[in-house]
Amino acid sequence: MALKVHTIVCGILLLLVLAVLVQSKRSKKGVGGNALPHDKFVVAGYLPEYRFYIDVSEASSHLTDLILFSIAPEHDGSLQYFISEDNLRAARKAKHDNPGLRTIVSVGGGGRSKYFNSVASDGHLRQKFVNELLDLCVKWRIDGVDFDWESPMNQHQISAYIRLLHEAHAKLVPKGLLISVALHPGQTLGKEGFLSVDRVHLMTYDMSFQKGSGHHADYGNFKQAIQQILGQGQLPPEKLIVGIPAYGRHEKKLAQVKSYSEIVDEKVKEAGMVDVDVPVVEKLDPNFISRNQHNQFLFDCQLSAQRKTSYAKSMGLGGVFIWEVGQDKFEPKVSLTEAVMMVGNGTRVMTKAELASVYDPAGIGEQQYRPPLTAHDLGSAKDRRRKKREEQKRGKMHMEL
Ligand SMILES: *[C@@H]1O[C@H](CO)[C@@H](O)[C@H](O)[C@H]1NC(C)=O
């Protein structure tokens, strides 16, 4: 009898605990509807406004987060829209079509960060800016804001950025919204800055600008960039989301880019198989999944993208993101996003042999990597000029993609 009562009491307690757990998960749902929980490995995808001609719902079907790129701060703290109302409607529909999908709006970006400094440096403008962001999220049921000031140039600007992130966090997070920040490898916001964000999106691509040639998203450089930011001991690994490009760059002429989709189309054409009734995957050389080089363009193939995702998982990171999903080839067994998500959600676990079978173009390795400038290096005028040139080049190139 005593045992029975004990069992019943235990059962009731267990139910209570479960109810509280369910409730706390529910109460975390924000104005966007889907902001939390954070416990699932993130596979996010950026989508710039010039790419919304694709089927956004389809492009989101292998994602946990769709990031709309972008809006920018205006000089008076209001929002300048690059994405249109039609884009926002398409994103809302994608969320409806893919239950659980979070949508996030990106603020800034290369070439779109002109007024960040004036807004972040002024208390009144910061407040106005953050309020407008909140209104935008409420109106369109968006789940978070991704800040992408490219880039603060000195310690004063970094401090202003941290104040902006801190105030955005204080205002938006209680509403169940998510705050992230996009950083280049080598950049840091310090412990204080990282406390004000839920996630850091580390842009681990275009890394060859620092060396003049080679794979712009080389695996060795990718790992090194991750180890560098974690090595500072200020960013918890679960907050780190790392970038995988869906485009390649010419191994020498870095300004030349090709999307993953263009590369796949070229391969199909070269194979001479144009029959529309044959699935794309059957028209391709079976090695296509493990070759990350094509006609001197270096990119991430399915296996190299999966290897990066496996590495992110093994390091306990929060997830990966793709720049940008509009460049993917949305065909079964060909899609890069699908391949990444299969590792992300645990459907596919890579064997050691598979990890080793990715073709790595010769002569590219960690030893050539020169990390970009960090906040500590921002001292000299020469460094600042170099940094500015790099930013302009990056911004211009992104716009050309
Ligand atoms: C994992 O992701 C793949 C690709 O999106 C999907 O086909 C599969 O259904 C997912 N599996 C689970 C268990 O979520």
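How are helix 8 and helix 11 oriented to each other, roughly parallel or roughly perpendicular? The first legend takes up that question, after a note on the model and its numbering.

This is a predicted model, in which local features need pLDDT of at least 70 and side-chain atom pairs count only at pLDDT 80 or more, whereas totals for chains, interfaces and linings use all residues. Residues are numbered from 1 along each chain as its sequence is written.

**View A. Packing of helix 8 on helix 11.** Helix 8 (residues 219-231) and helix 11 (residues 302-314) pack at an angle of about 20°, and their axes are 11 Å apart; helices here are DSSP runs of H or I with at least four residues and strands are runs of E with at least two, both numbered from the N terminus. Axes are lines fitted to C-alpha atoms, for helices over the stretch in contact, and the angles run from 0 to 180 degrees between N-to-C directions. Helix 8 and helix 11 are therefore roughly parallel to each other, given that angles under 35 degrees count as roughly parallel, over 145 as roughly antiparallel, 65 to 115 as roughly perpendicular and the rest as oblique. Their crossing is right-handed, a term used if the near helix is turned clockwise from the far one by less than a right angle, with left-handed used if anticlockwise. Helix 8 contributes Tyr219, Phe222 and Lys223 to the contact, and helix 11 contributes Ser304, Arg307, Lys308 and Tyr311, where two residues are in contact if their C-beta atoms, placed from the backbone, lie within 7 Å. Divided by class, the contact of helix 8 with helix 11 has three nonpolar, one polar and three charged residues (Ala, Val, Leu, Ile, Met, Phe, Trp, Tyr, Cys and Pro count as nonpolar, Asp, Glu, Lys and Arg as charged, and the others, Gly among them, as polar).

**View B. Packing of helix 11 on helix 12.** The axes of helix 11 and helix 12 (residues 336-344) come within 9 Å and cross at roughly 30°, and the two helices are therefore roughly parallel to each other. The crossing of helix 11 and helix 12 is right-handed. On the helix 11 side the contact is made by Gln302, Ala305, Gln306, Thr309 and Ser310, and on the helix 12 side by Leu336, Ala339, Val340, Val343 and Gly344. This contact of helix 11 with helix 12 has five nonpolar, five polar and no charged residues.

**View C. Packing of helix 5 on helix 6.** Helix 5 and helix 6 pack at an angle of about 45° with their axes 10 Å apart, which makes helix 5 oblique to helix 6. Helix 5 passes helix 6 in a right-handed crossing. In helix 5, Arg126, Val130, Leu133 and Leu134 meet Arg163, Leu164, Glu167, Ala168, Lys171 and Leu172 in helix 6, and by class this contact has six nonpolar, no polar and four charged residues.

View D. The four strands stand in the order 10-9-12-11, and their pairing is antiparallel; two strands pair if DSSP finds at least two bridges between them. Strand 10 (257-259) and strand 11 (293-294) stand at the edges with a single partner strand each, so one side of each is left without a neighbour in the sheet. Strand 9 and strand 10 are joined by three bridges and form a hairpin with six residues between them, and arginine 249 stands opposite valine 257 in strand 10. Strand 9 (residues 247-250) also pairs with strand 12 (residues 297-298) in the antiparallel sense over two bridges, with histidine 250 opposite phenylalanine 297 in strand 12. Helix 9 (residues 260-270) lies across strand 9, strand 10, strand 11 and strand 12, and runs at about 80° to strand 10.

View E. Most residues other than glycine have a negative phi, and most peptide bonds are trans. A cis peptide bond, with omega about -10°, joins phenylalanine 69 and serine 70, and serine 70 lies in strand 2 (residues 65-73). Another cis peptide bond joins glutamate 150 and serine 151, where omega is about -10°; serine 151 is placed in the loop between strand 5 (144-148) and helix 6 (155-172). Arginine 141, which lies in the loop between helix 5 (123-140) and strand 5, has a positive phi near 55°.
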